[in-house]
Amino acid sequence: MRSTSSENSIYIPEEILINILLRLPVKSLVRFMCVCKSWNDLIGSSSFIGRHVNSYVKNLNHAFLVGLQCTKGKPKIRRSIFFNETFKARCLDMGLRLHGSSNGLLCLSSNSPNLYSPVSICNPSIMKYVGLPVTNLSRPPKSKYQCVLAFGFNPGLNDYKVVRLVTICPQHYIETEVYNYIEMEVYSLSTHSWKSIGVLPPWIISMYWSSGHAVSNGVAYWIMRAEEDYSLHLVSFDTGSEVFEKVLLPKDIWGIIQYYIDGFNDIHAYKESVCLLRSHPDNHIDIWVLQEKCLNKLHTVWFPGSSPVPLGFKTNDELLLKYQKYDQHYLAIFNLQTKQINETRVALPVHCDLDDHVGDNYVASLLLLKDIRAQELRGISCVFPFMPWKKLMLKK
């Protein structure tokens, strides 16, 4: 005689079950891991997490993180998440610096990062983070330096990379005849280790970082200035092949006035490449796209507001920007296809300016769910699953 439980049980073929689960959001999947051991093993498997990223996450409308540097109150950096469906914002109080966002993973460091600042890759949607090992690099005594981090996914290696670029300038380089030089290292999430890039091309040695950072298809990009003639270049580093390349920026992007770059330059991933967003004081924004190792001007956006500043792309065809009106800052969207500007009427907080790396897409994922190196986040805000800096870095 068959038991009642057997009579009421419903068998679902595994492939159908997987197809159903792949369509569910992260919050539901984490709950369903408690149903039974087989579901726990399935949802937590690396193959399922990878398929969920490729099927569900990449087809989802991403939210957008906007970084604001606040002159009053604490913490000094706040990030607001703007949701594509409603465009309503949630504010994250965090004294952190964002260095990139990819498939639900954020690369974060302290507010004022230096060579020895703790760095973490975290997934706030499942409250997990991985603290990166200490750097392999060192700087000589009595020297000044700039430290820039760039984070992203390398699809060819199926790995997440953090690239640390350090420009070192000895304090008395004129007297000692020692000039700027570059050091670089790359962190791999799969191996949980840094690798120093020892051999750099001769042309990059005398350069220094100027502005911007982005990662697209496993290639890191920066705007760098040559020390000899102050020319600006888009410098790239392939985290797979470890090959450097440079593209000379058109002179109308340079805007050099006594070594000052007029306007605002930043780099963002755009489709399968990157673009340079350049704002001008006369209320227009130029969009330059890297195509076949050459920068081509894609659009010029004239905006009737005051001092428009590009923040990044919400989607491939929607540019999010900030503008000023009646002593208040607002957000607007420019559609590259229709050439239309939509004023969202979303006002940014008073006493806040843009962070250095102003914006990134964000979407929830299951990455780091079963990573044995990942630690649990504590003290998460009830508004959004995020962590204060001190509690994020409490454990090493």
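Figure 1. Ile 10, Ile 12, Ile 16 and Ile 20 make a nonpolar surface patch of about 400 Å². Keep in mind that this is a predicted model. Pick out Ile 20 and you'll find that residue in helix 2. Is Ile 20 buried, exposed or partly exposed? Its relative accessibility is 45%, so Ile 20 counts as partly exposed.

**Figure 2. The whole chain, for orientation.** Let's step back for a moment. The protein chain has 9 helices and 27 strands. Of its 396 residues, 51% count as buried. Now take the contacts with a separation of 6 or more: 51% of them come from residues 24 or more positions apart.

**Figure 3. Inside the largest nonpolar core.** Nonpolar side chains tend to be buried together in soluble globular proteins. Here, the largest nonpolar core has 32 residues. Which of them touch the most other members? They are Phe 48, Leu 105, Ile 121, Val 162, Tyr 187 and Leu 366. Several helices and strands each supply at least two residues of this core, including helix 5 (46–55), strand 5 (105–110), strand 6 (119–123) and strand 9 (159–170). Apart from this core lies another one, of 20 residues, and among them are Leu 165, Ile 182, Val 186 and Ile 197.

**Figure 4. Zooming in on Ile 121.** Skip the neighbours within four places in sequence, and see who else Ile 121 is in contact with: the list includes Leu 105, Tyr 129, Phe 151, Val 162, Tyr 187 and Leu 368.

Note on methods:
Residues are numbered from 1 along each chain as its sequence is written. This is a predicted model: local features need pLDDT of at least 70, side-chain atom pairs count only at pLDDT 80 or more; totals for chains, interfaces and linings use all residues. Side-chain values use heavy atoms; hydrogens and water are left out. A nonpolar core is a set of buried Ala, Val, Leu, Ile, Met, Phe, Trp, Tyr and Cys residues joined through side-chain atoms within 4.5 Å. Buried means under 20% relative accessible area, exposed over 50%, partly exposed in between (1.4 Å probe, protein chains only). Helices (H or I, at least four residues) and strands (E, at least two) are DSSP runs, numbered from the N terminus. Contact means heavy atoms within 4.5 Å. Patches are made of residues with over 30% relative accessible area and no salt bridge: like charges are joined within 9 Å, nonpolar side chains (Val, Leu, Ile, Met, Phe, Trp, Tyr) within 5 Å. Accessible areas come from the Shrake-Rupley method with a 1.4 Å probe; for residues, only the protein chains shown count as cover. A salt bridge is a side-chain nitrogen of Lys or Arg within 4 Å of a carboxyl oxygen of Asp or Glu.
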